[in-house]
Amino acid sequence: MNANADFSGKTVLVTGGTKGIGAALASSFLAAGAEVAVCGRNEPSSLPRAGGRSAHFFSADVRDATAASSLVGEVTDRLGRLDVLVNNAGGSPDADAATVSPRFFEKIVALNLLAPFYVAQPANQVMQAQESGGVIVNIGSVSGVHPQPGTAAYSTSKAGLLMLTRALALEWSPKVRVNHVTVGLIKTEASASIYGPDGGAALSEAIPMKRMATLDDVTSACLFLASDQASYITGADLPVHGGGEVPARYLITHGQRE
């Protein structure tokens, strides 16, 4: 999909687009011809680049509704329009639900659920006024469907993001399409260390596709949903998780799969 997508003349905003999946998304949209805006609380030493062009950085804390609205206004004023919003900013450290503070829980929900709405609402206003409308893609997590210990706040907020996607798609069609990507275990340089000394090789055995997702797997899914090839797709959830995970009871009773 990356090689065939053409976003020339379009403007894309990727929240949390300065590192990790967000930076990969920004680079992919740049390679496809788009003008790309990324945001964060602090400007990084280097910005995503592709095809000899660089993303435009905007300083914003999207957990603040006023800042999120100003961000959309600044991007639109500077780049002339807004065609695609990718709500990518998110994450959470593990935390024990029995002892975690209410303030921690609030902050995680604010980042993973409230912030996407805070950015999507003003983005929708811009897109509704454009003849070509626009597209919003929300980056979710398999944790929102299958929670793990230590992820109560994160899983709850990601589950809410999927329902928010469906609700907004229902209300904002036909001018604005809103879709969701459920991302499973993904292998990056930064994440390799948390998957154990083997870099996640053993974990891959629990995935039907027998490998973790790559950044290209995620960016290809997002570019497809944002493209005209998906012009009749809204309110959808595209799982990018390699088939999910083989149930633990199967692995216990049958051992490693061949």
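This is a predicted model: local features need pLDDT of at least 70, side-chain atom pairs count only at pLDDT 80 or more; totals for chains, interfaces and linings use all residues.
Q: Which residues of strand E1 (11–15) point one way, which the other way, and are they buried or exposed?
A: Thr11, Leu13 and Thr15 point one way from E1, while Val12 and Val14 point the other way.

Q: What makes E1 and strand E2 (residues 35–40) a pair?
A: Strands pair if DSSP finds at least two bridges between them. E1 and E2 have five bridges, in the parallel sense, so they count as paired. Val12 stands opposite Val36 in E2.

Q: Why is the crossover from E1 to E2 called right-handed?
A: The chain crosses from E1 through helix H1 (residues 20–31) to E2. Its path is right-handed, which means that it runs clockwise from the first strand over the helix to the second, with the strands pointing away from the viewer.

Q: How many bridges join E1 to strand E6 (residues 84–87), and which residue of E6 stands opposite Val12?
A: Three bridges join E1 to E6, and the two strands run parallel. Val84 in E6 stands opposite Val12.

Q: What is the order of the strands in the open sheet, and what makes a strand an edge strand?
A: The seven strands have the order E5-E2-E1-E6-E7-E8-E9, with parallel pairing. An edge strand pairs on one side only, as do strand E5 (56–59) and E9. Neighbouring strands of this sheet are turned by 20 degrees against each other on average, direction ignored.

Q: How do you know that helix H4 (residues 152–172) reaches close to its expected span?
A: The expected span is 1.5 Å times one less than the number of residues. H4 has 21 residues, for which 30 Å is expected, and it reaches 30 Å from its first C-alpha to its last.

Q: Which elements do the buried residues of H4 pack against?
A: They pack against helix H3 (102–128), strand E7 (134–141), strand E8 (176–183) and strand E9 (237–240). Among the buried residues are Tyr154, Leu161, Leu168 and Trp172.

Q: At what angle do helix H2 (residues 65–79) and H3 pack?
A: The angle is about 35 degrees, with the axes 8 Å apart. The axes are lines fitted to C-alpha atoms over the stretch in contact, and angles run from 0 to 180 degrees between N-to-C directions.

Q: Why is Tyr118 called partly exposed?
A: Tyr118, in helix H3, has a relative accessible area of 23%, so it is partly exposed.

Q: Which residues is Tyr118 in contact with, leaving aside its neighbours within four places in sequence?
A: Tyr118 is in contact (heavy atoms within 4.5 Å) with Val62, Arg63, Asp64, Ala65 and Ala68. Tyr118 and Asp64 are 54 residues apart in sequence and 7.6 Å apart in space, C-alpha to C-alpha.

How values were computed
Residues are numbered from 1 along each chain as its sequence is written. Side-chain values use heavy atoms; hydrogens and water are left out. Helices (H or I, at least four residues) and strands (E, at least two) are DSSP runs, numbered from the N terminus. Buried means under 20% relative accessible area, exposed over 50%, partly exposed in between (1.4 Å probe, protein chains only).
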